[in-house]
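Subject: Structure handover

Hello,

Here is the structure I promised to pass on. Please open it first, then read my notes below.

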Amino acid sequence: METFIDKYIAQGEQRGEQRGEQRGEAKILLRLIERKFGPPSETVRHRITAADSETLLEWSDRILEAQSLDEVLH
C-alpha cells in the first residue's frame with residue numbers, strides 16, 4: 001500500500017522530471033534563437049526560461065519559418 005509520503009515523493013520526482021525537460025527545451029530554443037537571430041537579450045532569456053513546455057514547443061515550431069524573433073515569441 002502506498003503511503004502519503006510515497007505519493008508525495010513520487011509527485012516531487014515527476015515535477016522534477018518535468019522541470020528538467022522544460023529546462024532542456026528552453027536551452028535548445030535559446031540555442032536556435034542565437035544561431036538564427038544572434039544572442040537574445042536578458043529579457044528574452046528570462047521569458048523563455050519561465051515559459052511552460054507547451055509554449056516552448058510552440059515557439060520551437062515557429063522558429064523554423066520566422067523571419068524575426070518577434071514572430072517566434074508572439
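First, a term you will need: helices (H or I, at least four residues) and strands (E, at least two) are DSSP runs, numbered from the N terminus. Leu56, for example, is found in helix H3.

Now the ground rules. This is a predicted model, in which local features need pLDDT of at least 70, side-chain atom pairs count only at pLDDT 80 or more, and totals for chains, interfaces and linings use all residues. Residues are numbered from 1 along each chain as its sequence is written, and side-chain values use heavy atoms, with hydrogens and water left out.

**The overall layout**

The protein chain has four helices and zero strands. Read from the N terminus, its elements run α-α-α-α. The chain has 74 residues, and 22% of them count as buried. Buried means under 20% relative accessible area, exposed means over 50%, and partly exposed is in between (1.4 Å probe, protein chains only).

The chain exposes about 5700 Å². Carbon and sulfur atoms supply 52% of that area. Accessible areas come from the Shrake-Rupley method with a 1.4 Å probe; for residues, only the protein chains shown count as cover.

Next, contacts, meaning heavy atoms within 4.5 Å. Take those between residues at least 6 apart in sequence: 57% of them join residues at least 24 apart.

**The core**

In soluble globular proteins, nonpolar side chains tend to be buried together. A nonpolar core is a set of buried Ala, Val, Leu, Ile, Met, Phe, Trp, Tyr and Cys residues joined through side-chain atoms within 4.5 Å. The largest one here has 13 residues. Leu29, Ile48, Leu56, Trp59, Val72 and Leu73 touch the most other members. Four helices each supply at least two residues of this core: H1 (4-37), H2 (42-50), H3 (53-62) and H4 (69-73). H1 gives the most, with four residues.

Go back to Leu56. It is buried, at a relative accessible area of 0%. Leave aside neighbours within four places in sequence, and Leu56 is in contact with Gln22, Glu25, Ala26, Leu29, Ile48 and Ala51. Leu56 and Glu25 are 31 residues apart in sequence, yet their C-alpha atoms are 6.6 Å apart in space.

Two of those partners deserve a look. Ala26 lies in helix H1. Its relative accessible area is 5%, so Ala26 is buried. Not counting residues up to four places away in sequence, Ala26 touches Ile48, Thr49 and Leu56.

Gln22 is in helix H1 too. Is Gln22 buried or exposed? Gln22 is buried, because its relative accessible area is 15%. With residues up to four places away in sequence left out, Gln22 touches Ala50, Ala51, Asp52, Ser53 and Leu56.

**Asp52, in a loop**

Asp52 sits in the loop between H2 and H3. Its relative accessible area is 41%, so Asp52 is partly exposed. A polar atom of the Asp52 side chain lies 2.8 Å from the backbone nitrogen of Thr55.

Val72 is in helix H4. It counts as buried, at 0% relative accessibility. What does Val72 touch, not counting residues up to four places away in sequence? Its partners are Phe37, Trp59, Arg62, Ile63 and Ala66. Val72 and Ile33 are 39 residues apart in sequence and 9.0 Å apart in space, C-alpha to C-alpha.

**The salt bridge**

Side chains of opposite charge can pair when their charged atoms come close. A salt bridge is a side-chain nitrogen of Lys or Arg within 4 Å of a carboxyl oxygen of Asp or Glu. The structure holds one. Arg62 forms it with Glu58, and the closest N and O atoms are 2.2 Å apart. Why are Arg62 and Glu58 separated by about one helical turn? Because they are four residues apart in helix H3. Arg62 is partly exposed, with a relative accessible area of 27%. Glu58 is partly exposed as well, at 38%.

Best wishes

Note on methods:
A polar contact is a pair of N or O atoms within 3.5 Å; within protein, one must be able to donate a hydrogen and the other to accept it, and residues adjacent in sequence count only if both atoms are side-chain atoms.
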